[in-house]
Amino acid sequence: MRAPTSLLPLRLAAVSFEVETKRIIDGVSLAIEPGPRTVIVGPNGAGKSVLMRLCHGLLRPTAGTIDWASPERPGERRRQAMVFQRPVMLRRSALANVEYALKIGGVPAREREGRARAALAEVGLAALANRGARVLSGGEQQRLALARAWVLRPEVLFLDEPTANLDPGASAEVERIIGTIRAAGTKIVLITHNLGQARRLGDEILFLNQGRLVERAPVDRFFNRPASPETEAFLRGELPWA
Amino acid sequence: MGLKRRIALAATLALAAAPLAAQEKFITVASTTSTEQSGLFKHLLPIFEKQTGIQVRVVAVGTGQALNMGRRGDADVVFVHDPAAEKKFVDEGQGVNYKQVMYNDFVIVGPKSDPAKVAGGKDVLEALKKIEAAKAPFVSRADKSGTHAAELRYWKSAGIDIGAQKGPWYKETGSGMGPALNTASSLGAYILADRGTWLSFKNRGDLAILVEGDRKLFNQYGIMLVNPAKHPNVKVDLGNAFIDWVVSPAGQKAIADYKVGGEQLFFPNYTGG
Amino acid sequence: MDTILQAFRDAVRLIVELDAGMLAIIRLSLQVSLSAVAIATLLALPVGAAIAVGRFPGRQATIVLLNALMGLPPVVVGLVVYLLLSRAGPLGELGLLFTPTAMVIAQTILILPIIAALARQAVEDAWREYQEQLHSLGAGGWKAALTLVWDIRFSLFTAVLAGLGRACAEVGAVMIVGGNIDGVTRVMTTTIALETSKGDLPLALGLGIVLVTIVLMLNAGAYSLKEVAQRRYG
């Protein structure tokens, strides 16, 4: 699914992000290409969430540039989406939450209900369509967040530790859905602190520590033959916090 | 946005329609709190409205404020009781069709314990002199009302410069007759009141009428139309209809017929002047 | 103590007898205050939401000013509106002085800052929770603010009730701009003021009890409506 005016590749050039005097992201340069599932790992406080928010446009870098191949213009339908660690649902039914995303995306009113129901079915929430979104369980809400993010078929889906607060059963469900989304052609960029999940879901790994991109490698090489001592320390569990 | 514009339109129409809805015949009369609280208007106005179909809307404030309402053009007719201020109003060219209509009387009300020993007296000036000499508590309305103006005239006639000679015994409340009576009642103080308000006042406490009947205590009411030359919005025909009725034999009789507890409060005295 | 007992007796008598004059006064009181609340809410919610999510120079000063305006003295508002609507004033042509419309205008001005300031606080707190998600979905600016306001409508409801309480309770504004005209602009609070000044304290207090009872019933009704609606969507 690569339209002629694709968003990707996304290029970051010497991007820094400072808050007061603390440098949370320190001179990161990288390109995110279409295709491989990109997984970002690193100890707590490494700046992974901030980096993802910079990419998604929720934050602006204090130095450096972030350029999409064909940038989104304000007022246009979004071609990238994000799922947060804690989903934020409107005080409406599950169905209405998905319809809201369609509405913002400029989908005409008569099409919204049908497409929203289909989206819910894809994540196994069809039976809960009329339940209040805020009374759903954590796992159900996260699946709803995925349905909502995917209903407009974005080119890129960012996920910030989507299963961090879920039990193993719900996590497995979420991973399965991510697989379905990926198979349909959406680029996946995922943050996780669960190295097993990184192995399962990643094609390439970006390792971030103290705001710097320390290593980037295909998944097998990253786990079996890490290039940097920092990476080795991290994989041994010796860097829980940055 | 269609919805927002519709709401704005509805709100404007609602606000604009309100004065249109009130197009029935009515006049605005600025009068005094003592006149309204005596109950005279509740008795008088239904008779007039039944006869002419004109609704009379009374805004009851102090005499000073009523005359100022006239000066601003916010009333059609002014009906107050301060001949000096009324004359000034007419001389300014603010009032026309000015007629003296009726009088009631003031009384000196005070605590039954009567520290200044004025009870039973028939001379208001003597009573005030005694009250000042005894420095007995006295409540003044101090609100530029007709009653307040009369009170100040009495002090002056009694040879007392109240502005200079007042002390903590002289309490200026800046309020209407009723609230001032409330204050006098709780303080056990003397006060100059119009008989009408006193007769319908229910919170008397220890107060009673101590001095009455002095001719000087008679309180003249006047009525006039706000000058339409200065204020084109004045309802000339309707306003004059009210004034003419009040001084007509029917109106004068209605005034005389008003009684509280069997007592007549207002004495019509229109003599064509 | 006698006065208070007599007041309760008067209150019961007023409610039981409910003569036409009393009903008209109660009806006018509700019309004026509910209209003022409706208009003020329509204006105040967007203003409060805009200040909450907006970033503009002087924002902090605006918030302080808005909070301070919650304490606008009703009698001052009445005076200002009177001067505006008086024949001698700029809007005299409209002929609105001493009408219920003038009373609605004055009360709307009085309670607008209350609803706006409370809404601003509620929206600002909620904005922190919703901002990233709404931004991510592509909802920006006033679209996001509107979505937020609708989503926290139950919290905003309390702000609206605060405005309603203030409107029903005030006497200074409606007295000056309405003139307390018998049968035309006399409402519960101005009637209580009148009876007090006539010295009929038990009756005034009785009317006060009736007024408080009505406001209590209004609040109870509004609360149960809110509870029913809230149970559906959390």
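These questions and answers walk through a predicted model with chains A, B and C.

Me: How many helices and strands does chain B have?
Reply: Start with its extent: the C-alpha trace of chain B spans about 75 × 50 × 40 Å along its principal axes. Its secondary structure comes to twelve helices and twelve strands.

Me: What share of the residues in chain B is buried?
Reply: Look at the contacts of chain B between residues at least 6 apart in sequence: 76% of them join residues at least 24 apart. Now take burial, where a residue needs 20 or more other C-beta atoms within 10 Å of its own. Of the 273 residues in chain B, the buried share is 46%.

Me: Which alanines does Val177(C) contact, leaving aside its neighbours within four places in sequence?
Reply: Contact here requires C-beta atoms within 7 Å. Val177(C) meets Gly78(C), Val81(C), Tyr82(C), Leu85(C), Leu97(C) and Met103(C).

Me: Which elements give two or more residues to the side of chain C that touches chain B?
Reply: Here 22 residues of chain C are in contact with 25 residues of chain B. By class, the chain C side has eleven nonpolar, seven polar and four charged residues. The elements asked for are α2 (20–53) and α5 of chain C.

Me: How many charged residues are on the side of chain A that touches chain C?
Reply: In this contact, 17 residues of chain A meet 13 residues of chain C. β5 (80–83) and α2 (94–104) of chain A each supply at least two residues of the chain A side. That side has nine nonpolar and three polar residues, and its charged residues number five.

Me: At what angle do helices α11 and α12 of chain B pack?
Reply: Trp245(B), Val246(B) and Val247(B) in α11(B) meet Ala250(B), Gly251(B) and Gln252(B) in α12(B). By class, this contact has four nonpolar, two polar and no charged residues. The helix axes lie 4 Å apart, and the angle is about 65 degrees.

Me: Which residue just after α1(A) takes a positive phi?
Reply: Helix α1 of chain A covers residues 48–56, and seven of its nine residues are buried. Among them are Leu51(A), Met52(A) and Cys55(A). Just after the helix, a phi of about 95 degrees belongs to Gly57(A).

Me: Which are the edge strands of the six-strand sheet in chain A?
Reply: The sheet is open, with mixed pairing, in the order β5-β6-β7-β3-β8-β9. An edge strand pairs on one side only. That leaves β5 and β9 (212–218) of chain A.

Me: What is the bridge partner of Val39(A) in β8(A)?
Reply: Strands β3 (residues 38–41) and β8 (residues 204–209) of chain A run parallel. Four bridges join them. In β8(A), the partner of Val39(A) is Ile205(A).

Terms used: Residues are numbered from 1 along each chain as its sequence is written. Chains are lettered from A and ligands numbered from 1 in the order in which they are written. This is a predicted model: local features need pLDDT of at least 70, side-chain atom pairs count only at pLDDT 80 or more; totals for chains, interfaces and linings use all residues. Two residues are in contact if their C-beta atoms, placed from the backbone, lie within 7 Å. Ala, Val, Leu, Ile, Met, Phe, Trp, Tyr, Cys and Pro count as nonpolar, Asp, Glu, Lys and Arg as charged, and the others, Gly among them, as polar. Axes are lines fitted to C-alpha atoms, for helices over the stretch in contact, and angles run from 0 to 180 degrees between N-to-C directions. A residue is buried if 20 or more other C-beta atoms lie within 10 Å of its own, exposed if 12 or fewer, and partly exposed in between; C-beta atoms are placed from the backbone. Two strands pair if DSSP finds at least two bridges between them.
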